[in-house]
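Trainee: Hello! Could you show me how to read a protein model, one feature at a time?
Mentor: Gladly, let us look at it together.

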Amino acid sequence: MKTEGHPDYHMITVTMTDGSTFQTRSTYGESGATLALDIDPKSHPAWTGGNQTMLDRGGRVSRFNDKFGGFIKKK
């Protein structure tokens, strides 16, 4: 295989939102670089079960509810 076609993998440090860190191999930056995450599995609502809101852009949700509202069981 050609060596010039492959990215350079090296060790970097990843910093999570709570300040914890871990080492991993990556093509990000240079060897020894630090990648600080803004969102990670410890803080993202998709993994934490946090409050998520549905935005109604241009009445799409209300049109959907009008069209298919009869199929949805209400508690």
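Trainee: Which residue stands opposite T15 in β3?
Mentor: First, some background. This is a predicted model, where local features need pLDDT of at least 70, side-chain atom pairs count only at pLDDT 80 or more, and totals for chains, interfaces and linings use all residues. Residues are numbered from 1 along each chain as its sequence is written, and side-chain values use heavy atoms, with hydrogens and water left out. Helices (H or I, at least four residues) and strands (E, at least two) are DSSP runs, numbered from the N terminus. Two strands pair if DSSP finds at least two bridges between them. Here, the residue facing T15 in β3 is A36. Strand β1, residues 10-15, runs parallel to β3, and three bridges join them.

Trainee: In which sense do β1 and β2 pair?
Mentor: They are antiparallel, with six bridges. For instance, V14 has F22 in β2 as its bridge partner. Five residues lie between the strands of this hairpin, and G19 takes a positive phi near 95° there.

Trainee: What is the order of the strands in the open sheet?
Mentor: The three strands are ordered β2-β1-β3, and the pairing is mixed. At the edges are β2 (21-26) and β3 (34-36), each pairing on one side only. Direction ignored, neighbouring strands of this sheet are turned by 35° against each other on average; the axes are lines fitted to C-alpha atoms, for helices over the stretch in contact, and angles run from 0 to 180 degrees between N-to-C directions.

Trainee: Is S26 buried or exposed?
Mentor: Buried means under 20% relative accessible area, exposed over 50%, and partly exposed in between, using a 1.4 Å probe and protein chains only. S26, found in strand β2, has a relative accessible area of 15%, so this residue is buried. A polar atom of the S26 side chain lies 2.9 Å from the backbone nitrogen of Y28. Contact means heavy atoms within 4.5 Å. Leaving aside neighbours within four places in sequence, S26 is in contact with D8, Y9, H10 and I12.

Trainee: Where is D40 placed?
Mentor: D40 sits in the loop between β3 and α1 (45-48). With a relative accessible area of 2%, D40 is buried. A polar atom of the D40 side chain is 2.9 Å from the backbone nitrogen of T17. Beyond neighbours within four places in sequence, D40 is in contact with M16, T17 and W47.

Trainee: What about M11: which residues is M11 in contact with?
Mentor: Setting aside neighbours within four places in sequence, the contacts of M11 include Q23, T24, R25 and E30. M11 belongs to strand β1 and counts as partly exposed at 39% relative accessibility.

Trainee: How many aromatic pairs does the count come to?
Mentor: A pair of aromatic rings is described by the distance of the centres and the angle of the planes. Rings of Phe, Tyr and Trp (its six-membered ring) pair if their centres lie within 6.5 Å; planes under 30 degrees apart count as stacked, over 60 as edge-to-face and the rest as tilted. By this rule there is one aromatic pair. The ring centres of F64 and F68 are 5.0 Å apart and the planes are at 45°, so the pair is tilted. F64 and F68 are separated by about one helical turn because they are four residues apart in helix α2 (residues 60-68). F64 is partly exposed, with a relative accessible area of 45%, and F68 is partly exposed at 32%.

Conventions: A polar contact is a pair of N or O atoms within 3.5 Å; within protein, one must be able to donate a hydrogen and the other to accept it, and residues adjacent in sequence count only if both atoms are side-chain atoms.
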